[in-house]
Amino acid sequence: MKHVVVFAHPRSGSFIRQAAGAYVDELEQYGHAVEVRDLYTMGFNPILSEEELAGKGPVPEDIRREQEIIAGSQAITFLFPIWWAGMPAMLKGYVDRVFTYGFAWEMRGEEIKGKLHGRKGLIVTSSGAPLDYLEAVGEMQAFKVTQDAAIMGLCGIKVVEHVHFDDLGPNTTPERIDDCIHRIRAAARNHF
């Protein structure tokens, strides 16, 4: 199976970067082909231009390349930290520029139709806040609506799981990190 793994975190030692590495390693151990899109290392430009938004002119080369990678995939995984109740601006810009009208979705009359059907999606998020807090204030449900349904679902991607790692802060123990890495490896095995 061909996978695209997109992750966004600027710090080299971040949990998300470790999780992405373990996830990719697990997929490759089971014979999957994986294309990693490390947005910060790539220097991805997240700024959607007026011309791109209007669909004027040719698709920029960097976006055409990303769309070809996604079009050739059977599974798409996003890994990112929750910052200010959402995804990092870098990843949001990737979604804005790559998952465009005509490529990832279209209108048919009054109905939105996803164009990436047949693909599986996995979302992996992390936060410093405890899960109990995120659920109590409604943020966890909001994440699932905006990320699972309004991005992947709208584009026709079937989300197989949204794995969230909570309460990760400066006092997180190495044992806790090991448990989290074990969970992300298990998600790779269980779904793919």
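Tutor: Let's go through the model piece by piece.

Student: Before that, what kind of model is it, and how are residues numbered?

Tutor: It is a predicted model, where local features need pLDDT of at least 70 and side-chain atom pairs count only at pLDDT 80 or more, while totals for chains, interfaces and linings use all residues. Residues are numbered from 1 along each chain as its sequence is written, and side-chain values use heavy atoms, leaving out hydrogens and water.

Student: What does UniProt list for residues 1-186?

Tutor: An unreviewed UniProt entry lists "domain: Flavodoxin-like fold" there. Positions are in the numbering used here, feature names are shortened, and annotations may be inferred rather than shown by experiment.

Student: How much of that span is helix and how much is strand?

Tutor: The span is 42% helix and 23% strand. Its end C-alpha atoms lie 17 Å apart. Helices (H or I, at least four residues) and strands (E, at least two) are DSSP runs, numbered from the N terminus.

Student: Which residues of α5 are buried?

Tutor: M90, L91, G93, Y94, V95, R97 and V98.

Student: Tell me about Y94. What does it touch?

Tutor: Y94 touches V6, R37, L39, F44, E66, I70 and F99, not counting residues up to four places away in sequence. Contact means heavy atoms within 4.5 Å. Y94 is buried, with a relative accessible area of 0%.

Student: How far apart are Y94 and V6?

Tutor: They are 88 residues apart in sequence and 9.3 Å apart in space, C-alpha to C-alpha.

Student: Which residues touch the most other members in the largest nonpolar core?

Tutor: L39, I70, F78, L91, Y94, F99 and L116, out of 30 residues in that core. β1 (2-7), α4, β3, α5 and α7 (139-153) each supply at least two residues of this core. The largest share, 5 residues, comes from α5. A nonpolar core is a set of buried Ala, Val, Leu, Ile, Met, Phe, Trp, Tyr and Cys residues joined through side-chain atoms within 4.5 Å.

Student: What about another core, apart from that one?

Tutor: Another core, of 25 residues, lies apart from it, and its members include Y23, V124, L168 and I177.

Student: And L39, what is in contact with it?

Tutor: V6, F7, A8, F44, M90, L91 and Y94, leaving aside neighbours within four places in sequence.

Student: New topic. How many salt bridges are there?

Tutor: The structure holds 15. A salt bridge is a side-chain nitrogen of Lys or Arg within 4 Å of a carboxyl oxygen of Asp or Glu.

Student: Which residue does E66 pair with?

Tutor: E66 forms a salt bridge with R37, and the closest N and O atoms are 2.6 Å apart. E66 lies in helix α4 (residues 61-71) and R37 in strand β2 (residues 33-38), so the pair ties together parts that are 29 residues apart in sequence.

Student: Are those two buried or exposed?

Tutor: E66 is buried, at 1% relative accessible area. R37 is buried too, at 10%.

Student: And D62, which residue does it pair with?

Tutor: D62 forms a salt bridge with R97, the closest N and O atoms being 3.0 Å apart. D62 is in helix α4 and R97 in helix α5, so this pair ties together parts 35 residues apart in sequence. D62 is partly exposed, at 22% relative accessible area. R97 is buried, at 3%.

Student: Last one: R17. Where does it lie?

Tutor: R17 lies in helix α1 (residues 15-29). R17 is buried, with a relative accessible area of 18%.

Student: Which side chain does it make a polar contact with?

Tutor: The side chain of D38, at 2.6 Å. A polar contact is a pair of N or O atoms within 3.5 Å; within protein, one must be able to donate a hydrogen and the other to accept it, and residues adjacent in sequence count only if both atoms are side-chain atoms.

Technical notes: Buried means under 20% relative accessible area, exposed over 50%, partly exposed in between (1.4 Å probe, protein chains only).
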